[in-house]
Amino acid sequence: MARVGLQSPMVWIDVEPRTKSPWSANTAGNNAVIDGVIAGYEAAGIRAGLYSYNKAWKAITGDRVLPDVPTWVPVGRSGEDAAEAICAEASYAGGKPWLTQWTDGVRDYDLTCPGVSGQAASGNPLTPYLNVGLASGSRGDAVAALQHSLGAAYADGVFGPTTRARVVAFQRAHHLPANGIVGTAEWRALGAGTGAYTPAVRGFMDSLFAST
């Protein structure tokens, strides 16, 4: 995706029978593949979910339970009411569905389940910057996102002395090397690479920099 200029904070893994590149009859091997794909995306700062249905999931994984992994559940031609009802049930992997899907035979329609915010479904807004390094003199959207997440009243996108001071304070508070340089560890501490947004403790930052 990076090679063609696409950024996606969420990827869905299709766990269904395939004519081309079919799943193995070895469920343990299939589960290892699923684990590896999820881990690979997470390492790249992208959250992964599962797309499957009960019969396929059981055949491919042996009814494995992964309650913390987001799921997308199709209900075939059962209609929108059935798709909405599925949101209240445990999915094939054990957790509550994030998305459901139905079809009219021509088009597929998708429904975001209640309680799943747009931000949770799309991932943390800092995730695109997970592998972006920043230091004094850096400029741009990544710096502005950093400033906002550190509680700056005004995010100008310029990594100056005040931003560096905020970064150092954040690093110390999170037991990271206090060098004023932002890397993957700092982005992850801010919640990048997850579905949750975890800003710095704003009260701490606001009191610390009230005079700046």
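Q: Where does Asp-63 lie?
A: Asp-63 is in the loop that runs between α2 (54-61) and β3 (71-74). Helices and strands here are DSSP runs, numbered from the N terminus (H or I, at least four residues, for a helix; E, at least two, for a strand). Bear in mind that this is a predicted model: local features need pLDDT of at least 70, side-chain atom pairs count only at pLDDT 80 or more, and totals for chains, interfaces and linings use all residues. Residues are numbered from 1 along each chain as its sequence is written, and side-chain values use heavy atoms, with hydrogens and water left out.

Q: OK, what's the phi of Asp-63?
A: Near 65 degrees, a positive value in a residue that isn't glycine. Gly-62, which follows α2, also has a positive phi, near 75 degrees.

Q: How accessible is Asp-63?
A: Asp-63 is partly exposed at 42% relative accessibility. The scale goes like this: buried is under 20% relative accessible area, exposed is over 50%, and partly exposed is in between (1.4 Å probe, protein chains only).

Q: Which non-glycine residue has a positive phi of about 50 degrees?
A: Ser-21 does. You'll find Ser-21 in the loop between β1 (10-14) and α1 (27-43), and it's exposed, with a relative accessible area of 68%.

Q: Back to α2. Which of its residues are buried?
A: Ala-56, Trp-57, Ile-60 and Thr-61. They sit on the same side of α2, because the arc they cover around the axis is only 100 degrees. That arc is taken from the directions from the helix axis to the C-beta atoms.

Q: And which exposed residues does the face turned away carry in α2?
A: Asn-54, Lys-55, Lys-58 and Ala-59. As for the buried residues of α2, their cover includes α1 and β2.

Q: What does Trp-57 touch?
A: Setting aside residues up to four places away in sequence, Trp-57 touches Val-15, Ile-34, Leu-50, Ser-52, Gly-62, Asp-63, Arg-64, Leu-66, Tyr-92 and Ala-93. A contact means heavy atoms within 4.5 Å.

Q: How many residues are in the largest nonpolar core?
A: It has 23, and Val-15, Leu-50 and Trp-57 are the ones with the most contacts inside it. β1, α1, β2 (47-51), α2 and α3 (80-86) each give two or more residues to this core. There's also a second, separate core of 15 residues, including Leu-130, Leu-146, Val-167 and Leu-190. By "nonpolar core" I mean a set of buried Ala, Val, Leu, Ile, Met, Phe, Trp, Tyr and Cys residues joined through side-chain atoms within 4.5 Å.

Q: Let's do α1. Which of its residues are buried?
A: Asn-30, Asn-31, Ile-34 and Ile-38 are. Their arc around the axis is only 100 degrees, so they're on the same side of α1. These buried residues pack against β1, β2 and α2, while the face turned away from the buried side carries the exposed residues Ala-28 and Ala-43.

Q: What span should the 17 residues of α1 have?
A: At 1.5 Å a residue they should span 24 Å, and the end C-alpha atoms are 24 Å apart, which agrees. The expected span is 1.5 Å times one less than the number of residues in the helix.

Q: Which residue caps the N-terminal end of α1?
A: Asn-26, through a side-chain oxygen 3.0 Å from the backbone nitrogen of Ala-28.

Q: New topic: which cysteines form a disulfide?
A: Cys-87 and Cys-113, with their sulfur atoms 2.1 Å apart. The rule is a pair of cysteine sulfur atoms within 2.5 Å, and the count comes to 1. Cys-87 is in the loop between α3 and β4 (99-103) and Cys-113 is in the loop between β5 (108-112) and α4 (118-122), so the pair ties together parts that are 26 residues apart in sequence.

Q: Are Cys-87 and Cys-113 buried or exposed?
A: Both are buried. Their link is left-handed, with -75 degrees about the S-S bond.

Q: Last one: where does Thr-103 lie, and what does its side chain reach at 3.0 Å?
A: Thr-103 lies in strand β4, and its side chain reaches the backbone oxygen of Arg-107 at 3.0 Å. The Thr-103 side chain also makes a polar contact with the side chain of Asp-108 (3.1 Å). A polar contact is a pair of N or O atoms within 3.5 Å; within protein, one must be able to donate a hydrogen and the other to accept it, and residues adjacent in sequence count only if both atoms are side-chain atoms.
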